[in-house]
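Subject: Structure handover

Hi,

Here is the structure for you to look at. My notes follow below it.

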Amino acid sequence: HPVAPRARLGPRQTSTTIADRSPITYRAPMGPARIGDLRLYLGDRHDAKDRSLLRSLKITAVLNCTPPRDESSTGCPNFFEKEPAMRYRRVPIFDTQAEDASGHFDGACDFVASRLHHGGVLVHCNRGVSRSATFVVAHLMTSAGLSVDAALAVVRETRPSAAPNDAFLAQLRALEARLDAARAADAKRTGAAPAPAPARAAGPARGPIGAPARPERAAPAAPA
């Protein structure tokens, strides 16, 4: 019998096999995931290089969570950095257990919070799973007071594949402890009871993550 031709896969679709050699296919997330009611999007390198997509979502800033291309074959360029309308910031880290993302939390979160006042923001790495998810979670923690688990739950509502690696997750928990300590110190100084971290928001009215929580400030210059 003639062998049927192999079906052509659609865009961003790959094929693999399981133990019994039966072919299966799966599709990567199509387009970036919008986070809550913010103009904040979590995506991958394909989203970052799709200019028409960025334009349609009114994305004017990109947090690129990969090393420079000239330092690693897995790095992503800042594809449209020569366009005056686009702002970029790079977090030059690898997705490894030895990597320390925490040193970039403050600068990256300030960049995202600031640029959300001007348009949409895309946070991406190669696959939109670990590094970029880590920084979206960090942003929700710092801007909305969410715990690690609550912030990750919000992200997974629209990006179920989001999964910071174990080292990044531990660093996020250290950030949570630091934020809790800062809230407690503020409460002690003012004599007010410390406000508990908000519970996970549900439904369309997300309260603390429905709008940027930080005041507008000048955007930090993107590293060269």
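Two strands pair if DSSP finds at least two bridges between them. Helices (H or I, at least four residues) and strands (E, at least two) are DSSP runs, numbered from the N terminus. This is a predicted model: local features need pLDDT of at least 70, side-chain atom pairs count only at pLDDT 80 or more, and totals for chains, interfaces and linings use all residues. Residues are numbered from 1 along each chain as its sequence is written, and side-chain values use heavy atoms, without hydrogens or water.

The sheet: 5 strands make an open, mixed sheet, ordered β3-β4-β7-β5-β6. β3 (33-34) and β6 (87-90) are the edges, each pairing on one side only.

Now β7 (residues 120-124). It runs parallel to β4 (residues 40-43), with 4 bridges between them. There, L40 partners V121, and Y41 stands opposite L122. β7 also runs parallel to β5, joined by 5 bridges. I59 has G120 as its bridge partner.

β7 is largely enclosed by the rest of the structure, because 5 of its 5 residues are buried (under 20% relative accessible area; exposed is over 50%, partly exposed in between; 1.4 Å probe, protein chains only). In a regular strand, side chains alternate between the two faces of the sheet. In β7, G120, L122 and H124 lie on one side, V121 and V123 on the other, and all are buried.

Elsewhere, A174 sits in helix α6 (residues 166-190). A174 is partly exposed, at 47% relative accessible area. Its C-alpha is 9.7 Å from that of V148, 26 residues apart along the chain.

Best wishes
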